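Notebook open, model loaded. I'm jotting down what I looked up, one stop at a time.

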Amino acid sequence: MKKNFDQIDRHILTELQENGRMPIVELAGRINLTKTPCAERVRRLERDGAIAGYRAELDPDQLGAGFVMVVMVTLGQTSDNAFELFNAAAQRIPEIQTCFLVAGNFDYLLLVRTSDISRYRNVLGDQIGKLPGVRQTHSYVVMEEVVNRKALPV
C-alpha cells in the first residue's frame with residue numbers, strides 16, 4: 001500500500017538509498033533539519049516499513065558471481081499448489097538472485113548469478129531443472145548490465 005510522504009521524508013529516503021551509513025548529523029544537514037527531528041523521522045520511516053533495512057552493496061565479480069543468466073521457466077501445471085511448491089524450492093537455491101512469477105508465455109523469470117557457464121550448467125541441471133513442476137527452461141546469457149538500479153524512485 002502506497003503511503004503519502006512529505007517532501008522531507010522523500011529527501012531522507014533518497015539520501016539514505018544513496019548512503020545508508022550516513023550519520024544522522026550529516027543527513028540532517030543535507031535535508032535542512034536539526035539532528036533530533038531528523039532522527040525521529042528516520043525512526044518513524046523504519047518503524048512504518050518504508051525503510052525495510054540496511055545492506056552493503058557487494059561486488060559480484062569479486063565474490064565469484066559475475067556471470068549472469070536470465071532463465072524463463074515454464075511449469076507443467078499452474079495450480080496454486082504448483083506455484084507454492086516451486087516458490088519454496090526456488091528460495092533455497094542461493095544462485096537465484098531474483099525470481100518473478102509472471103503472466104505471459106512462461107511462468108517464472110529468474111536472474112541467476114554464478115562464477116561461469118560451467119557452474120551455471122551445474123545449477124541448471126542439478127537444481128533449477130529439478131524444481132517442482134518444471135516442464136521447460138530457456139536460458140539467456142547477459143552480455144552487459146546496461147541498467148541495474150538499486151534505488152527506487154522516491
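**Threonine 74.** I started here and listed its contacts (heavy atoms within 4.5 Å). Leaving aside neighbours within four places in sequence, threonine 74 is in contact with Asn105, Phe106, Asp107, Gly133, Val134, Arg135 and Gln136. Threonine 74 sits in strand E1, residues 67–75. Strands are DSSP runs of E with at least two residues, helices are runs of H or I with at least four, and both are numbered from the N terminus. Buried or exposed? I got 10% relative accessibility for threonine 74, so it counts as buried. My cut-offs: buried is under 20% relative accessible area, exposed is over 50%, and partly exposed is in between, with a 1.4 Å probe and protein chains only.

**Ground rules.** This is a predicted model, where local features need pLDDT of at least 70 and side-chain atom pairs count only at pLDDT 80 or more, while totals for chains, interfaces and linings use all residues. Residues are numbered from 1 along each chain as its sequence is written, and side-chain values use heavy atoms, with hydrogens and water left out.

**Whole chain.** I then zoomed out. The protein chain has 5 helices and 4 strands, and from the N terminus they run α-α-α-β-α-β-β-α-β. What is the radius of gyration? I have 20 Å for the protein chain, whereas a compact globule of 154 residues would be near 15 Å. That radius is taken over C-alpha atoms, and the globule rule is 2.2 Å times the number of residues to the power 0.38. Along its principal axes the C-alpha trace spans about 55 × 35 × 25 Å.

Of the 154 residues, 28% are buried. I also looked at contacts between residues at least 6 apart in sequence: 63% of them join residues at least 24 apart. The accessible surface is about 10700 Å², and carbon and sulfur atoms hold 50% of that. Areas come from the Shrake-Rupley method with a 1.4 Å probe, and for residues only the protein chains shown count as cover.

For charges, I noted 19 positive and 19 negative side chains, with the centres of the two sets 3 Å apart. Lys and Arg count as positive, Asp and Glu as negative, and His and the chain ends are not counted. Each charge is placed at NZ of Lys, CZ of Arg, CG of Asp or CD of Glu.

**Leucine 111.** Back to strands: leucine 111 is in E3, residues 108–114. At 25% relative accessibility, leucine 111 goes down as partly exposed. Not counting residues up to four places away in sequence, leucine 111 touches Val68, Met69, Val70, Glu95, Ile96, Gln97 and Thr98. Its C-alpha is 8.8 Å from that of phenylalanine 100, 11 residues away along the chain.

**Helix H2.** Which residues are buried in H2 (residues 24–31)? I found Leu27, Ala28 and Ile31. Seen down the axis of H2, the buried residues fall within an arc of 100°, so they line one face of the helix. The arc is that of the directions from the helix axis to the C-beta atoms. A reminder to myself: an α-helix has 3.6 residues a turn, so residues three or four places apart point the same way. The cover over the buried residues of H2 includes helix H1 (7–18) and helix H3 (35–47).

Asparagine 32 lies in the loop between H2 and H3. Its phi is near 65°, a positive value in a residue other than glycine. I flagged it because most residues other than glycine have a negative phi. Asparagine 32 counts as exposed, at 71% relative accessibility.

Leucine 33 is in the loop between H2 and H3, and is partly exposed at 24%. What does leucine 33 touch? Leaving aside neighbours within four places in sequence, it is in contact with Ile8, Ala28, Cys38 and Arg41.

Aspartate 9 is in H1 and is buried, at 3% relative accessibility. Aspartate 9 touches Arg41, Arg44 and Leu45, not counting residues up to four places away in sequence. Aspartate 126 lies in helix H5, residues 117–126, and counts as exposed at 52% relative accessibility.
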